[in-house]
Amino acid sequence: MPEFREALRLAIAEEMQHDERVILIGEDVAAAGGVFKVTEGLHERFGSARVIDTPISELALSSAAFGAAVAGCKPIVEIMFGDFMALPMDALVNQAAKYWYLSVGRNSVPLVVRTAAGAGGRFGAIHSQSPGTWLHGVPGLKVVCPSCVADARALLKAAIRDPNPVVFIEHKRLYAAKGELGEELEPLGKAQVVRVAGEGGGGAGVGGGAGKGGAGRGGDVTIATVMKGVPDALAAAEQLAKDGIEVEVIDLRSLRPLDVETVAESVARTHRLLAVEEGPRTGGWAAGLIGAVASEALGEVDDLWTLCTPDTPIPFSPTLEDAFLPGADAIAQAIRMRFGLESKTRMSEVEA
Amino acid sequence: MGTQPATSAVPLQTGVPGRLELLQAYAQMLLIRRFEEEVQRRFLKGEVHGTTHLCNGQEAIAVGVAAGMKDRDLLAATYRGHGHALARGLDPGGLATELMGRVGGTCAGRAGSMNVLAPEQGLIGCFGIVGGSIGAATGAALALRGSGRIAVACFGEGATNQAYFAECLNFAKVLSLPLLLVCENNGYGEFTAWEAVTAGADIQARVQALAVPAQRIDGNDVLAVHDATQRAATVVRGGGGPAFLEMLTYRQVGHSRSDPGNYRPSGELEQWLLRDPLRFARSAIEQQGLADARALARLQDSVEQDVRAAFERAAASPFPDPAELAAASEYCDA
C-alpha cells in the first residue's frame, strides 16, 4: 500500500502528465525532492523548466503562483511548513482570492499552495501550526485538508484541476501513513461520513432514548474533523463503542467551502456534534462549524461543542505537546465527560 | 526633499519614434491629465466614491511605457493606475463608469479606482498593496518564459522598501524571467519624502547589486521613457532576464484625494511644473513643427469631448442592483 506522501507525488505526476501548464515551484522541491520527500523524482521526470527550485522567498513564491496562474500556467507551490504561510499571505489573500470576483468572471486563478502543517513532531511553536485557522475566512480561497491516502491523491488532483486558488494542507504526522488508493478524483468541498454510527442497531448507548430524535436514531454523537483528527476520531469511536456510545465520524476534507449540509444531516441522526480542531477555538473553523449547524439545524440539536487546543502557542517539550493536542484519548474523554461517564477529576488525572 | 529633476535628461530626439507617435503620445497624455482632473472634479461632487490616487505629472511614464510594450505583453500597475489603464487602451468610458461604481464599469463596479483590472488590454491589474504589482508581474513573467512576451511591473519608489521588491527581483534574476521593472520615483511615499525612509537613497545601486541591469531616466520625457522601455524590453524579451528602469518624476497632486501635500517644501512643485510632461511634449511638438497652434487646439477639443463623453456615459449607467450579491459566487465554477 502506498504512503500518503507517495499518493501526493502520484497526484502531482499524473496532473503534470495530464496538463503541460502544470508547474511545481518551491524551496528544495526539485533536486532535493522536498524536505518531506513528497516531490522526489519529479524533477528528473519533468525537467527543470517545470519543477523549479526557488529562493527562500515565500512572498515571491505566492506572487509567482498568482501571476503565473493569471497568465496561463497552473502552478503548484510548496510552502515548506504551514507556519510559513504568514509570509505569502498578501499575494494569496489580497490578489489571488479576489481576482475572479473583481474580474467579473473573466479571469480565474488556478493555483495550488501545498503546505505541511500540524503538531506532534516536537517542532515547536513555529513549525507546528495548521494555517487553516488563518485562511478559512477568506472568500475566494479553497482550503483542502486530506486525512487519508486515497484523498491525498484524489483531492490533490482535484485541487490542481480546480480553476480557483486552493491551499492544500498536509498533516506532517500523516506523511508516512499507508492506505489504499481510491477514486481518481474526489470533489472539493464535500465532506464524507467515514464511520456510520449504530449500523445494525442504532445508538442504544448512554445518550440514546431521551433526545430529540426519539426512537430509531442512528447513533449518539457526530464528530466532525479533518486531517489527523480523522484517524484520531475513529480510534476514539472504537474506545467509545466499548462504553456503549455510538459515534458517527465525518471527515470534512475541506474547510472552505465547509460542507455544513453533510454535518447537519448527521446531526439529524445523532443530535449531538463535537467539532475537533487541532488549533485554538478562537477564530477557528470548529467554532464556525458549530455556529453554522446551530444556525441552520438547531431543532435537531441536543448538544454541540468543540475540542480544540488551548489559546497558547504550541509547546515544544513532549509531555506538554502531547497534552496540548486533541488526540484519540482526549476525544474519547471529552465525549465521556459530556455524557456524564467521566468526572472532571478523573479527566485531569488522565491528562496529568 | 523630493526627487530633483534629472539633470542629464535624454534628449527628445532619442529613439526617433516619428512624428505621429509624438503627437499621439501627447494626445494620450492630455487625455490622462484631463481624465484625472475630471475624476477630481466629480470626486468633489460626490460622484466618484471612496478614494482616488491621481497620476497628474506622471503621464509620460504611463504613455511611454505602454508605447514601448507589445500588444500581448502584460502590465501590472498600482493604485495610481488610471493613466496606465488608459495608455494600455482601456476605454475611458468604462474606466470612468467603474470609478463611479456603476454597473457598466470595466469591472461592473466591483473594483473601483484602486483595483481596476483589464485582461483584454493586457492589464493584469492595478494593485492596492504597495509592491503588489511587482509580485503579479513576476508571476506573469514565469508563465511567459520562452513565449517572446514579457511582463512589466510599474511601481513607486516606496515599493523598493517592500519585501515584494527584494524577493521578486532576486527570484526573477535567478530564474532569468522576462520581467521589466519600472520604478516611478515621484519623490514621495504617501506623505514622506523618499530619501528620508530609503537607506542609501540609491535604488539603482540596490538593483545593480543583484546584477540586474538598471538605468535612471527622465520620467517626464515621454520619448525618453518610450525609448528606454523599448531598449530594455528588447533585452528582456531576448532572454536576458529582468531589467530595471528608474524613472524620475513628480506627483503634482497629493497622495490621495484627502492630501493637500502641505509637506512639500515651498517652490518644489513650481520647479517641477516647469518640467511638466505635457508642457515638455508640447514644446517639442512646436519646436519640431509637428503641429501648429490650431491643430493643437483641435486636439485639445477632441480630448475634451472624449472625457466629457466618458463621464456622461458613466453617469448614465445605473448602479448595480444589490440583488446581485446573492447571485455572485466567490468561485469560478468552470
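## A walk through two chains

B:Cys154 is buried, with a relative accessible area of 1% (buried means under 20% relative accessible area, exposed over 50% and partly exposed in between, using a 1.4 Å probe and protein chains only). Before we go on, note that this is a predicted model, where local features need pLDDT of at least 70 and side-chain atom pairs count only at pLDDT 80 or more, while totals for chains, interfaces and linings use all residues. Residues are numbered from 1 along each chain as its sequence is written, chains are lettered from A and ligands numbered from 1 in the order in which they are written, and side-chain values use heavy atoms, with hydrogens and water left out.

Let's stay with the cysteines for a moment. A search of the whole structure finds zero disulfides over all chains (a disulfide is a pair of cysteine sulfur atoms within 2.5 Å). B:Cys154 is in no disulfide either, and the nearest cysteine sulfur, that of B:Cys183, is 9.7 Å away.

Now look at where the two chains meet. Here 38 residues of chain B are in contact with 42 residues of chain A, contact meaning heavy atoms within 4.5 Å. The size of an interface is often given as the accessible area lost when the parts come together. Chain B and chain A bury about 3,100 Å² between them, 65% of it on carbon and sulfur atoms (buried area is the accessible area, with a 1.4 Å probe, that two parts lose on being put together, summed over both). B:Arg110, B:Tyr331 and B:Cys332 supply 21% of the area that chain B buries against chain A, more than any other three residues.

B:Glu120 forms a salt bridge with A:Arg106, and their closest N and O atoms are 3.1 Å apart.

Finally, turn to helix 8 of chain A, residues 260-270 (helices, H or I with at least four residues, and strands, E with at least two, are DSSP runs numbered from the N terminus). Its buried residues include A:Val260, A:Val263 and A:Val267. Among the elements that cover the buried residues of helix 8 are strand 11 (272-280) and helix 9 (285-297) of chain A. Just after helix 8, A:His271 takes a positive phi of about 70°.

Notes:
Salt bridge = Lys/Arg side-chain N within 4 Å of Asp/Glu carboxyl O.
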